[in-house]
Amino acid sequence: MKRILIGLASCVATLAWSGDHGLPANTPAAYQSECGSCHAAFPPALLNASDWRKTMARLDRHFGTDASLDAPIHGLLAKYLEDNAGRRASPSIAAEPRFTTGAWFVREHREVPARVWNDPRVKTPTNCSACHKDADQGRYGDRELQVPGMARREHD
């Protein structure tokens, strides 16, 4: 009986972590309008607080783009990202942290063939909305998944 309970608990924990990592209820509208104007407004839990501090400190050279913000908006978003950062995300040694190199992202996308990443509709692993149709709402579950060039998986 003990093994069954442990097995069920681990399944529930895995499902809770592997499903939607939606945007928290306290997500400021500025997060969607500022960050979401160039790329998906990624769930803050994908990086830890240290990596968000690094990211916010380098917005003037954010992956080759000047994404600078006015001081009040910068402060608001920095606090939001740190307050909602992932606790399990490992700190990055990179100057520009990338959630796409983290263990969770790599594990969740291990079955994605190279041809999908190279598909012109996808282009890059950070183009979440290419496959996750509700990424703009912070939903990344299997039910919203439609991978270009691959048949849609059936769900119960």
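This note covers aromatic pairs, cysteines and salt bridges in a predicted model.

1. Ground rules. Local features need pLDDT of at least 70, side-chain atom pairs count only at pLDDT 80 or more, and totals for chains, interfaces and linings use all residues. Residues are numbered from 1 along each chain as its sequence is written, and side-chain values use heavy atoms, without hydrogens and water.

2. Aromatic pairs. The whole structure holds four aromatic pairs. Rings of Phe, Tyr and Trp (its six-membered ring) pair if their centres lie within 6.5 Å; planes under 30 degrees apart are stacked, over 60 edge-to-face, the rest tilted. Phe99 and Phe105 make an edge-to-face pair, at 5.7 Å centre to centre and 75° between the planes. Both residues are buried (under 20% relative accessible area; exposed is over 50%, partly exposed in between; 1.4 Å probe, protein chains only).

3. A link between helices. Phe105 also pairs with Trp117. This pair is tilted, with 6.4 Å centre to centre and 35° between the planes. Phe105 sits in helix H5 (residues 103-108) and Trp117 in helix H6 (residues 114-118), so the pair ties together parts twelve residues apart in sequence. Helices are DSSP runs (H or I, at least four residues), numbered from the N terminus. Phe105 is buried at 6% relative accessibility, while Trp117 is partly exposed at 23%. Phe42, Phe99, Phe105 and Trp117 form one aromatic cluster.

4. Cysteines. How many disulfides are there? The count is zero, with a disulfide taken as a pair of cysteine sulfur atoms within 2.5 Å. For Cys35, the nearest cysteine sulfur is that of Cys38, 8.7 Å away. Cys131 has its closest cysteine sulfur in Cys128, at 8.8 Å, too far for a bond. Cys35 is buried at 17%, and Cys131 is buried at 12%.

5. Salt bridges. The search finds five. Each needs a side-chain nitrogen of Lys or Arg within 4 Å of a carboxyl oxygen of Asp or Glu. In one of them, Arg53 meets Glu82, with the closest N and O atoms 2.9 Å apart. That pair links distant parts of the chain: Arg53 is in helix H3 (residues 49-57), Glu82 in helix H4 (residues 71-83), 29 residues apart. Arg53 is partly exposed at 43%, and Glu82 is partly exposed at 28%.

6. Two further bridges. Asp83 pairs with Lys79, closest N and O atoms 2.6 Å apart. Both lie in helix H4, four residues apart, about one turn of the helix. Arg121 pairs with Asp119 at 2.8 Å between the closest N and O atoms. Arg121 is exposed at 53%, whereas Asp119 is buried at 11%.

Notes: Helix = DSSP H or I, 4+ residues; strand = E, 2+ residues; numbered from the N terminus.
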